[in-house]
There are 2 protein chains.
Amino acid sequence: MDISKRAKQIQESPIRKLAAVAIETKKKGIHIYYLNIGQPDIHTPEIFYKKIKDFSENVLSYGPSDGLDELRQAIADYFSKYNITLNKNDIIITTGGSEAVSFAFTVIADPGDEIIIPEPFYTNYNGYSSISNLKIVPITTDPETGYHLPDISEFEKKITKKTKAIMICSPNNPTGTVLYEKEIRELGELVKKYNLFLIADEVYKEFTYDGEKHFSILQLKGLEDQTIVVDSISKRYSACGARIGAIISKNRVVMKSILKFAQARLCPPTLEQIGAIGAYKLPLSYFKTITAEYQKRRDILVEILTSNKEIILKKPKGAFYIMTKLPIDNSDKFAKWMLENFEIDNETVMVAPGAGFYSTPGKGTQEIRIAYVLESNKLKKAGNILLKAIEKYNSLNL
Amino acid sequence: MDISKRAKQIQESPIRKLAAVAIETKKKGIHIYYLNIGQPDIHTPEIFYKKIKDFSENVLSYGPSDGLDELRQAIADYFSKYNITLNKNDIIITTGGSEAVSFAFTVIADPGDEIIIPEPFYTNYNGYSSISNLKIVPITTDPETGYHLPDISEFEKKITKKTKAIMICSPNNPTGTVLYEKEIRELGELVKKYNLFLIADEVYKEFTYDGEKHFSILQLKGLEDQTIVVDSISKRYSACGARIGAIISKNRVVMKSILKFAQARLCPPTLEQIGAIGAYKLPLSYFKTITAEYQKRRDILVEILTSNKEIILKKPKGAFYIMTKLPIDNSDKFAKWMLENFEIDNETVMVAPGAGFYSTPGKGTQEIRIAYVLESNKLKKAGNILLKAIEKYNSLNL
């Protein structure tokens with residue numbers, strides 16, 4: 001008796017794989033600044049907790065497989081504030097954005113089918129492609145161009161008979177890049193031409209800086225049957241532990257099939273859906289101070305890092321990540337070394353090595369992802385520790 | 001652009017597929033007794049809600065992918081009360097028992113591989129086999145023998161090179177059958193001989209009647225590397241909406257791989273895990289009154305139904321389901337007809353048609369599953385409506 005091929009093949013999360021090393025570091029009494037994981041320190045809205053505390057049913061029973069009606073309506077209302085018209089039938093609540101990714105992959109593709117995704121990409125797309133036996137076909141983007149998309153012809157070249165979809169994430173995890181409306185419109189034309197699905201992970205929608213605006217694939221006219229959006233409250237309302245997301249599409253066949261997948265797992269968590277109803281009713285102004293805070297942090301970090309001229313970094317316009325190419329030989333080795341062998345005043349930094357965000361072997365080996373989810377003072381310290389660590393590491397010739 | 005084959009293939013939940021019909025019935029002002037879904041009316045323990053209401057972290061952050069340590073320890077402690085020794089590394093918290101099934105299937109089998117399961121079986125195994133592209137190979141059991149297992153040779157005949165596991169559910173959903181220790185030991189010998197996994201869904205463990213005891217596959221000596229248990233708090237603590245389950249195995253390679261799947265979806269819902277910690281600390285005596293209540297209900301329902309001598313029903317010894325063969329032509333038709341065309345004093349009954357619990361075409365067409373999750377008085381009414389409906393339906397020659 002042996003485990004499955006897919007179980008052998010699935011990669012460890014590059015974000016979480018150093019967790020065991022970090023535990024040992026902490027045991028030595030060293031404080032770690034966690035820049036590896038996109039866990040915001042922003043408080044979860046009061047109203048989220050209040051709604052849950054007010055729950056007074058005697059039985060915590062199954063909810064509908066497509067999610068609580070009131071939550072689906074609240075999400076539709078929230079989208080209407082962005083002039084995107086949805087009705088609740090276009091929305092199925094999922095257990096985190098993760099499940100929305102899983103549903104999206106499974107509903108459009110069979111084992112062996114291909115999905116084109118610009119790399120670096122959110123590492124868990126890899127996890128789900130392994131579980132679903134799909135092949136991710138990467139389009140490499142570069143730190144030098146701020147990880148924007150290459151010419152649309154690069155996408156077209158990769159389309160085969162097995163291609164089912166193109167998937168994007170904007171604002172992007174791990175790069176922070178906000179795709180231009182023009183880039184998204186070109187992808188729209190391409191999926192129209194080849195009759196493919198266009199999937200967009202838009203969970204960082206609110207977090208754009210320097211006046212940049214997020215452009216949703218739901219704004220593409222005439223593509224309603226081809227677009228699928230992955231959404232989540234995890235970052236929007238700093239409620240990562242809630243595991244509430246949504247999958248959004250106007251394609252009725254897609255939604256009907258997803259409902260059957262959803263029935264197989266019965267329903268998303270009920271109490272956290274109730275909390276989410278509260279959060280979704282917050283006005284858009286709620287995001288103003290949060291966005292300003294993230295923008296400030298980004299600026300701090302970019303300023304510190306670009307003081308080393310060998311670090312390649314274009315100021316990203318969204319999300320709360322920076323992907324950057326460091327003047328080091330190998331970021332896996334470097335990240336582990338920082339945890340095991342480097343500290344300043346008993347403090348060190350944990351980052352996510354870049355290779356795990358690429359699917360092309362050998363790519364990203366000098367890059368790291370940093371999540372700026374710590375307040376300014378801590379971020380300054382962490383940034384400076386990182387700078388010094390690069391110097392020290394390179395001086396050692398490991 | 002078209003949806004995937006697996007999306008086309010996945011069956012609708014037989015438990016939930018009449019939901020739309022039921023909504024129309026309710027609109028007509030008719031009250032429905034819901035015997036179709038295993039949603040207990042037993043109150044969720046106070047301590048579950050209290051723990052959640054006491055939660056005071058400002059940020060609802062990601063938990064560990066394998067679940068909260070304290071919950072894993074609480075589950076290990078709970079098992080020790082049954083003289084089953086587990087440590088927390090043998091336990092990964094899942095988003096409901098559903099996710100535990102999904103992890104179990106994916107970790108041991110690749111597309112095209114086979115899992116042998118006695119039928120009728122919990123319908124969502126079908127859903128997950130479609131999603132994971134596995135083949136369920138059924139072993140048919142009969143209402144006449146109380147759905148106990150056929151001779152072990154029937155299992156042996158079905159083993160091929162593609163067989164990865166045998167899966168059981170005891171106490172059983174949908175039949176209520178509690179497998180004999182002897183049956184489980186024989187399966188243990190068989191998986192040993194053929195080097196297969198043995199998966200057991202044991203979520204109804206506490207609910208056994210007439211002095212019957214549940215025998216866990218975790219009690220099989222020398223099979224520690226081959227056994228995987230699917231568990232859940234949904235029924236145990238009447239917290240179906242919480243979506244907290246667990247997958248349990250002492251096989252380190254299996255658990256390490258499952259952790260990678262678990263990382264892809266980040267973590268199970270945090271608040272509901274905190275509630276579960278409270279519930280798991282309840283003494284086993286907590287189940288006494290609940291089990292007595294279910295046993296009483298079972299007795300009521302069995303007495304009513306067996307008053308019709310054409311109904312085939314062996315008193316089941318566990319869970320809160322009865323699977324029974326009715327003297328009707330087709331239970332899909334019958335269940336729908338009850339909702340659309342039958343009422344007594346403005347009341348009718350919803351049941352789950354049997355065919356959806358079988359994977360062999362044509363099987364179960366006269367059977368229904370009844371969940372006795374209503375209090376005695378309601379159950380009596382519902383049982384009598386069902387009896388009268390059978391008479392009426394047969395008199396109509398539809």
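This is a predicted model: local features need pLDDT of at least 70, side-chain atom pairs count only at pLDDT 80 or more; totals for chains, interfaces and linings use all residues.
Strands of a sheet pair through backbone hydrogen bonds, in either the parallel or the antiparallel sense.

Strand β2(B) is covered on both faces. I91(B) and I93(B) point to one side, I92(B) and T94(B) to the other, and all four of these residues are buried, meaning that each has under 20% relative accessible area.

Strand β8(B) also pairs with strand β7(B), residues 227-232; this pairing is antiparallel and has five bridges. Here S249(B) of β8(B) is the bridge partner of I228(B).

These pairings belong to an open sheet of seven strands in chain B, with the order β2-β8-β7-β6-β5-β3-β4 and mixed pairing. Its edge strands are β2(B) and β4(B), the latter spanning 135-140, and each of them pairs on one side only. On average, and with direction ignored, neighbouring strands of the sheet are turned by 25 degrees against each other.

What lies across β2, β7 and β8 of chain B? Helix α4(B), residues 69-80, takes this position, and runs at about 115 degrees to β2(B).

Strand β1(A), residues 31-34, pairs with β10(A) over four bridges in the parallel sense. One position in this pairing is Y34(A), which stands opposite M350(A) of β10(A).

Rolling a probe the size of a water molecule over the atoms shows where empty space is left.

Which residues lie nearest the centre of the largest cavity? They are E99(A), S102(A), E99(B), S102(B) and Y128(B), out of a lining of 28 residues. Both chains contribute helices to this lining: α5 (96-108) and α6 (124-132) of chain A, and α5 (96-108) and α6 (124-132) of chain B, each supply at least two residues. Sorted by class, the lining of the largest cavity consists of 10 nonpolar, 10 polar and eight charged residues.

Key:
Residues are numbered from 1 along each chain as its sequence is written. Chains are lettered from A and ligands numbered from 1 in the order in which they are written. Side-chain values use heavy atoms; hydrogens and water are left out. Two strands pair if DSSP finds at least two bridges between them. Buried means under 20% relative accessible area, exposed over 50%, partly exposed in between (1.4 Å probe, protein chains only). Axes are lines fitted to C-alpha atoms, for helices over the stretch in contact, and angles run from 0 to 180 degrees between N-to-C directions. Contact means heavy atoms within 4.5 Å. On a 1 Å grid over the protein atoms alone, a cavity is a set of points where a 1.4 Å probe fits but cannot get out, and a pocket is an open set with protein on both sides within 12 Å along at least five of seven lines; lining residues have an atom within 4 Å of a point. Ala, Val, Leu, Ile, Met, Phe, Trp, Tyr, Cys and Pro count as nonpolar, Asp, Glu, Lys and Arg as charged, and the others, Gly among them, as polar.
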